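Student: Let us go through this model together. I will ask about sheets, helix packing and rings.

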Amino acid sequence: MKLLLTGGRILDPSRDIDLKADLLIEDGAVARIGKGQSKPAKDTEIVDVAGRVVVPGLIDIHTHLREPGHEYKESVLSGSEAAVAGGFTAVACMPNTKPVNDSRSVTEFILRQARIAGLARIYPIAAISMGSEGAVLSEFSDLRKAGAVGFSDDGKPVAGSHLMRIALEYAHQFGLPVISHCEDLQLSKGGLMHEGPVSAQLGLAGIPSIAEEIMISRDIAIAEYTGTAVHICHVSSSGSVEIIRKAKAKGVKVTAETAPHYLFLTDESLRDFDTNKKVNPPIGGRADAQALREGLRDGTIDAIASDHAPQSSVEKDVEFEFAANGIIGMETSLGLCLRLVDEGVLTLPQLIQKMSCAPAAILKVPGGTLEQGAPADITVIDPERKWTVNVDAFKSKSRNCPFNGWELKGKAVMTIVGGEIKYREI
């Protein structure tokens, strides 16, 4: 089968293309983009996408699919269903599973489950250290051969500077990214939310922003010294943005991501003690949210990730002190981030760059482009579609979403992976 998308706005930031045209898909790849395509063959499915935007498939660089070990929260299948419903053609899943993805067998299991699901492309991120305990480096070479596309101990920081140096040097040899969860555990210990006036008023122990900033500074210093690259995940504070901005100005090979909840929520929103807003690193203050937006605008922050972290009611329907961290986000990420376009923070091409092109470049995986011959991983967006977030309609197994009931404008209405339609609303 061939697939012809007609009458849409073709937007490809990787090649600076923005025009109304048709897009033809053949044999799972982008075959041609042009106005007034010739009469299609009989075996061509034609989809009218007038009024919609056709972009390179969105890639979520930071998710938690929970399988193996915590399938009651999420599985590769349900996470894949949530991904394509949110417009993501590919997602990278973090290694804090049970057992931790620190071995070939776990990486291969995840990829096998992804093939069975047959929806989004799943890219496993393997653990930096065995068991993510920060003591012994995992077998990078074996994990790479098994299919891992990067390394991270996300959920736990790499406390030892020597181990982080070795990790950066080894990963550099294989051309794979190290994705760093930056947290000084001595500073964050016992904290429940962002440290500031709101935490004091609520009587909740705070986590100072320097818990993140100190470790970002350390990892950037190691990367600069070794001449290697480091990717900083879920940046949440204004101080972190400034540290990364200065490092980039010096030529350090550092990339960074943030997540929608850091852009659209502040610690003021925790006055209702909603455990769905409890996340690590914590949601910051208004100045932090503004600095993150400015960091996106000026290129300091390269990518937007959902940090999709499913938790069941068992972990969330408890007192704030005892609730687990995490927010689900794959099904709301695009709708929320389109607000950045409406608010003038980013243009639509800039947003697609941060949700597709940049993640592909950081992970060094296919995608992020509509170039002829590229895999036909495509997201079709209806920028005018108004919808209300309803967690009960989510594909994800979990419901820990603080945006339930929010009115959003803009939604993925078709997700195509390898030339096959995996999700559609048109």
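Tutor: Two bridges join E10 to strand E13 (residues 230–232), and the two run parallel. Strands (E, at least two residues) and helices (H or I, at least four) are DSSP runs, numbered from the N terminus. Strands pair if DSSP finds at least two bridges between them. This is a predicted model: local features need pLDDT of at least 70, side-chain atom pairs count only at pLDDT 80 or more, and totals for chains, interfaces and linings use all residues. Residues are numbered from 1 along each chain as its sequence is written, and side-chain values use heavy atoms, with hydrogens and water left out.

Student: Which residue is the bridge partner of Leu-58 in E7?

Tutor: Another open sheet has four strands in the order E6-E7-E8-E9, with parallel pairing. E6 (58–63) and E9 (150–151) are its edge strands. E6 and E7 (residues 88–93) pair over four bridges. The partner of Leu-58 is Phe-88.

Student: What angle does the direction of H2 make with that of E8?

Tutor: H2 (residues 104–117) packs on the sheet and touches E7 and E8 (121–126). Axes are lines fitted to C-alpha atoms, for helices over the stretch in contact, and angles run from 0 to 180 degrees between N-to-C directions. For H2 and E8 the angle is about 170°.

Student: Which residues of H4 meet H7?

Tutor: Contact means heavy atoms within 4.5 Å. On the H7 side are Arg-218, Asp-219, Ile-222, Ala-223, Tyr-225 and Thr-226. On the H4 side are Ser-161, Met-164, Arg-165, Leu-168 and Glu-169.

Student: Is H7 roughly parallel or oblique to H8?

Tutor: The axes of H7 and H8 (residues 238–250) come within 9 Å. They cross at roughly 15°. That makes the two roughly parallel.

Student: Which residues of H8 meet H10?

Tutor: The axes of H8 and H10 (residues 286–298) come within 8 Å and cross at roughly 25°. H10 contributes Ala-287, Asp-288, Ala-291, Leu-292, Glu-294, Gly-295 and Asp-298. H8 contributes Ser-238, Val-241 and Arg-245.

Student: How many residues apart in sequence are the parts that Phe-140 and Tyr-170 tie together?

Tutor: Rings of Phe, Tyr and Trp (its six-membered ring) pair if their centres lie within 6.5 Å; planes under 30 degrees apart count as stacked, over 60 as edge-to-face and the rest as tilted. Phe-140 and Tyr-170 are edge-to-face, 6.5 Å centre to centre with 90° between the planes. Phe-140 lies in H3 (residues 140–146) and Tyr-170 in H4, so the pair ties together parts that are 30 residues apart.

Methods:
Parallel < 35°, antiparallel > 145°, perpendicular 65-115°, else oblique.
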